[in-house]
Amino acid sequence: MSVKVEGGSGGFSEQERAAMKERAAELKKEAGRGRGRKQAADLLDVLSKIEKMAEPDRAIAERIHAIVTANAPGLSPKLWYGQPAYARDGKVICFFRSGATDKERYSTFGFTPEAKLDDESGLWPTSYAVTRLGEEAEKAITALVRKAAG
């Protein structure tokens, strides 16, 4: 999120305020769900969100969902700031952000500090721009998801 400091309003953008409202609603919804139904309801929320996305984001999000669930079965789908995410013990490991929703020219597949992507070099990427998913990109995402969930 970006905040203007000098000469600006110092406030959040319309998209940032909308994401924060969605997150607050998600937390309220999670608090009201019983333990037995939570995972199923979270999965339905994610699938519903993906279904409502415009193309090409919908196709990309569907493919990423399939890659993550097949290669990191220990991660549970859930919404995070209104977008699909995958968590372990309630802590988000990776997420997809729709470029159309964020009014950006590309979507993002990213990782939180909970992901186990640390590299001995001291440098590693935490998010990727995604405009399409070819075979090479799918292989890269698969390897990253496996490592992050490890």
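**A helix crossing and its surroundings**

Guide: In this predicted model, helices H3 and H5 cross with a right-handed sense. The residues that make the contact are Arg-63, Ile-64, Ile-67, Val-68 and Asn-71 on the H3 side, and Glu-138, Ile-141, Thr-142, Val-145 and Arg-146 on the H5 side. By type, the residues of this contact are 5 nonpolar, 2 polar and 3 charged.

As for the geometry, H3 covers residues 57-71 and H5 covers residues 135-149. Their axes come within 9 Å and cross at roughly 40°.

Pro-56 sits in the loop between H2 and H3. The peptide bond that joins Glu-55 to Pro-56 is cis, and its omega is near 5°.

Helix H2 spans 35-52 and supplies at least two residues to the lining of the second largest pocket, as do strand E1 (76-80) and strand E2 (83-88). The largest share of that lining comes from H2, which gives 4 residues.

The volume of this second largest pocket is about 220 Å³. It is lined by 13 residues, of which Lys-38, Gln-39, Asp-42, Ser-76 and Gly-90 are the closest to its centre. Sorted by type, the lining holds 5 nonpolar, 3 polar and 5 charged residues.

The backbone of Tyr-81 has a phi near 55°, a positive value in a residue that is not glycine.

To return to the part you asked about: the contact of H3 with H5 is a right-handed crossing at roughly 40°, with Ile-64, Ile-67 and Val-68 among the H3 residues and Ile-141 and Val-145 among those of H5.

Technical notes:
Residues are numbered from 1 along each chain as its sequence is written. This is a predicted model: local features need pLDDT of at least 70, side-chain atom pairs count only at pLDDT 80 or more; totals for chains, interfaces and linings use all residues. Side-chain values use heavy atoms; hydrogens and water are left out. Axes are lines fitted to C-alpha atoms, for helices over the stretch in contact, and angles run from 0 to 180 degrees between N-to-C directions. A crossing is left-handed if the near helix is turned anticlockwise from the far one by less than a right angle, and right-handed if clockwise. Contact means heavy atoms within 4.5 Å. Ala, Val, Leu, Ile, Met, Phe, Trp, Tyr, Cys and Pro count as nonpolar, Asp, Glu, Lys and Arg as charged, and the others, Gly among them, as polar. On a 1 Å grid over the protein atoms alone, a cavity is a set of points where a 1.4 Å probe fits but cannot get out, and a pocket is an open set with protein on both sides within 12 Å along at least five of seven lines; lining residues have an atom within 4 Å of a point. Grid points are joined across faces, edges and corners, and a volume is the space filled by probe spheres set on the points.
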